[in-house]
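Notebook open, model loaded. I'm jotting down what I look up as I go.

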Amino acid sequence: MEQVAQAVPDKSDSGFSEFKRRLFRNRAAIFGVIILSLMLLCAVFAPWLALSDYARQDLPSMLQAPSWGHPFGTDEFGRDIFSRIVYGARVSLVVGFLAVGISLAIGLLLGSLAGYFGGFVDHGICALIDIAWAFPMTLLAIAIIAILGPSLFNVCLAIAASSWAAFARIVRGQFLSLKSQEFVEAARILGFSDGRIILRHIFPNAIAPVVVLTTLEVPKAIIVEATLSFLGLGVQPPIPSWGSIMSSGRSFLFEAPWITLFPGLMIVLVVMGFNLFGDALRDSLDPRLRN
Amino acid sequence: MLRYAIKRIFLLIPILLGMTVIVFSMLHLAPGDPIDLVVGPNVTPEVRENIRHQYGLDRPVAIQYVSFVKRLLRGDLGQSILQHKPVAEIILEKFPVTLELGLTSLVISFLIAVPIGIKAAVKRNTVTDYASMSLSLVGMSMPTFWFGLMLLYLFAYKLRLFPISGYGTWRHLFLPALAIGITDAALTARMVRSSMLEVIRQDYIRTAHSKGLSEKAVINRHALKNALIPIITLLGLRIGWIMGGSVVVEIVFTRPGLGRMMVEAILSRDYPVVQGGMVVLTAAIILGNLLADVLYAVVDPRIKLR
């Protein structure tokens with residue numbers, strides 16, 4: 001009787017639920033997921049979570065230390081820091097995902113072309129990857145903002161200009177190893193076009209490391225955006241970005257350190273969350289660890 | 001070995017050329033007429049054409065690029081629009097400041113990261129390992145400029161141990177270098193740990209153990225030397241990151257270096273300075289990588305035999 005029952009595949013044997021199980025066994029991953037969900041909540045529900053409008057000035061209450069009324073204190077215009085930070089989550093999330101989205105698109109395209117077609121195409125794209133890789137992300141982003149001018153979208157472009165190389169490299173590696181496998185040969189014999197083979201056959205098998213890389217590139221993008229905004233080269237006022245809050249807080253660093261302290265702490269938490277989640281994701285997607 | 005070094009130096013030339021192409025196109029990719037960056041808007045058309053001819057901007061782009069490179073080779077980086085001084089002169093003033101910060105940060109970073117990374121690898125999956133990797137995670141997650149600001153507040157203002165800004169003595173150097181050094185060490189420690197782990201997995205380590213050598217002897221006599229090689233390649237990787245970090249840190253600590261020069265030039269639209277600064281900074285990074293590569297070849301006996 002038992003043998004018959006086990007011969008029938010159980011829903012819990014599916015790859016995805018196995019993956020979920022392994023993911024949530026990791027406590028660090030859960031911590032990461034909690035932090036990220038909180039950030040997402042802040043970004044989406046900002047108008048309800050914030051204590052006041054982020055631009056609302058209240059000069060008599062300027063530069064107040066954290067208190068019950070203002071959990072993170074106020075800045076030089078009397079604006080509530082907590083509210084500004086909650087709204088700042090929006091900028092960080094949007095930039096993080098938009099920048100990495102653009103990188104992903106470029107990287108997937110170029111990486112798959114390089115890996116699949118090889119030869120001259122591969123050499124050319126590899127040279128591009130090496131050049132993009134050689135420049136430090138922050139410096140390249142600063143240079144691009146110098147050309148294009150500061151704005152949220154330009155910040156995303158500036159970050160993507162550096163970030164795409166990591167995606168392209170990984171995708172290329174995946175394609176190189178996958179294209180010599182039998183299922184690809186079979187698809188070719190069956191007469192499928194190159195495009196169809198790339199999209200419907202190789203892609204799905206190449207995705208796992210790309211997903212992991214995404215969770216690790218988003219926090220990098222968030223830090224670079226904060227750095228750019230801190231330098232005045234990013235999101236422009238009055239839109240609050242965690243970086244620009246710290247930039248204006250810098251003038252009052254000694255009298256009102258909380259203005260610079262809290263946005264930075266937020267960044268640390270969020271980046272840690274992404275990294276923990278990404279690490280756990282990578283471990284649970286690794287086929288070698290399957291028992 | 002000499003052949004290897006010469007080969008690498010030759011490979012350098014196309015990379016440097018490529019970099020000049022990119023930096024040159026920056027000015028021409030900027031939306032709008034490059035002339036607007038040099039003159040104000042309230043200028044008559046004749047004066048504009050004069051200036052355009054004076055700067056050679058009416059010639060075909062390819063010829064402009066060639067003369068750009070020729071000027072570069074002569075050491076002429078143009079004239080700063082705001083300061084009316086040759087860009088090369090400004091850069092010569094500021095470069096040592098940034099170099100000093102970069103090198104010191106690199107030293108501090110490796111002094112912290114290498115011992116911690118090796119210890120974590122040797123004591124894998126113990127409390128030491130988890131603790132150091134957790135610290136490393138926190139360090140990696142901090143924006144460098146924020147960490148610098150916090151250091152500034154705590155050690156320069158509250159405890160009055162260091163000056164708040166400026167350049168000159170080792171005291172001016174310490175906090176900025178610490179800020180970059182610690183954040184870089186966080187990432188480098190992880191890399192040291194993984195290359196050490198790879199070395200430990202090798203067969204010759206197993207042989208050493210089975211010969212009966214103590215753990216300490218195995219590590220010191222066999223593992224360390226071989227782990228040193230990939231650690232040295234890390235030097236090359238981190239140089240670029242550290243130069244990037246010093247840009248922001250110079251602003252936080254008000255150091256008169258290249259990074260601060262660049263940002264101020266960008267904000268005030270002083271494009272010759274931006275261009276000159278980019279050329280020098282990226283050339284420095286590329287040269288730094290080359291040095292690290294050559295160092296790697298010197299240390300790795302397998303390359304000598306090729």
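What share of the contacts in chain A with a separation of 6 or more comes from residues 24 or more positions apart? I get 69%, where a contact means two C-beta atoms, placed from the backbone, within 7 Å.

**Ground rules.** This is a predicted model, so I note that local features need pLDDT of at least 70 and side-chain atom pairs count only at pLDDT 80 or more, while totals for chains, interfaces and linings use all residues. Residues are numbered from 1 along each chain as its sequence is written, and chains are lettered from A and ligands numbered from 1 in the order in which they are written.

**Chain A overall.** I count twelve helices and zero strands in chain A. These are DSSP runs numbered from the N terminus, with helices being H or I of at least four residues and strands E of at least two. Of its 291 residues, 45% are buried. Buried means 20 or more other C-beta atoms within 10 Å of the residue's own, exposed means 12 or fewer, and partly exposed is in between, with C-beta atoms placed from the backbone.

**H7 on H10, chain A.** I looked at H7(A) (residues 137–148) against H10(A) (residues 194–230): the axes are 10 Å apart and the angle is about 50°. Axes are lines fitted to C-alpha atoms, for helices over the stretch in contact, with angles from 0 to 180 degrees between N-to-C directions. That angle makes H7(A) oblique to H10(A). For the classes, under 35 degrees is roughly parallel, over 145 roughly antiparallel, 65 to 115 roughly perpendicular and the rest oblique. The crossing of H7(A) and H10(A) is right-handed, meaning the near helix is turned clockwise from the far one by less than a right angle. From H7(A), the contact uses Met137(A), Thr138(A), Ala141(A) and Ile145(A); from H10(A), it uses Lys220(A), Val224(A), Thr227(A) and Leu228(A). I make that five nonpolar, two polar and one charged. Here Ala, Val, Leu, Ile, Met, Phe, Trp, Tyr, Cys and Pro are nonpolar, Asp, Glu, Lys and Arg charged, and the others, Gly among them, polar.

**Ala141(A) and the core.** Skipping neighbours within four places in sequence, I find Ala141(A) in contact with Ala158(A), Ile159(A), Ser162(A), Val224(A) and Leu228(A). Ala141(A) also turns up with Ile142(A) and Ile267(A) as having the most contacts inside the largest nonpolar core, which has 155 residues. Such a core is a set of buried Ala, Val, Leu, Ile, Met, Phe, Trp, Tyr and Cys residues joined through C-beta atoms within 7 Å. H10(B) gives the most to this core, 16 residues.

**A meets B.** The contact takes 30 residues from chain A and 32 from chain B. H10(B) is again the top giver on the chain B side, with seven residues. That side splits into 27 nonpolar, five polar and no charged.

**H5 on H12, chain B.** The axes of H5(B) (residues 87–122) and H12(B) come within 10 Å and cross at roughly 50°, and the crossing is right-handed. By class, I log eight nonpolar, two polar and no charged residues.

Arg160(B), not a glycine, has a positive phi of about 55°. Arg160(B) sits in the loop between H7 and H8 of chain B and is exposed, with 9 other C-beta atoms within 10 Å. Thr254(B) has phi near 50°, also positive. Thr254(B) is in the loop between H10 and H11 of chain B and is partly exposed, with 16 C-beta neighbours inside 10 Å.
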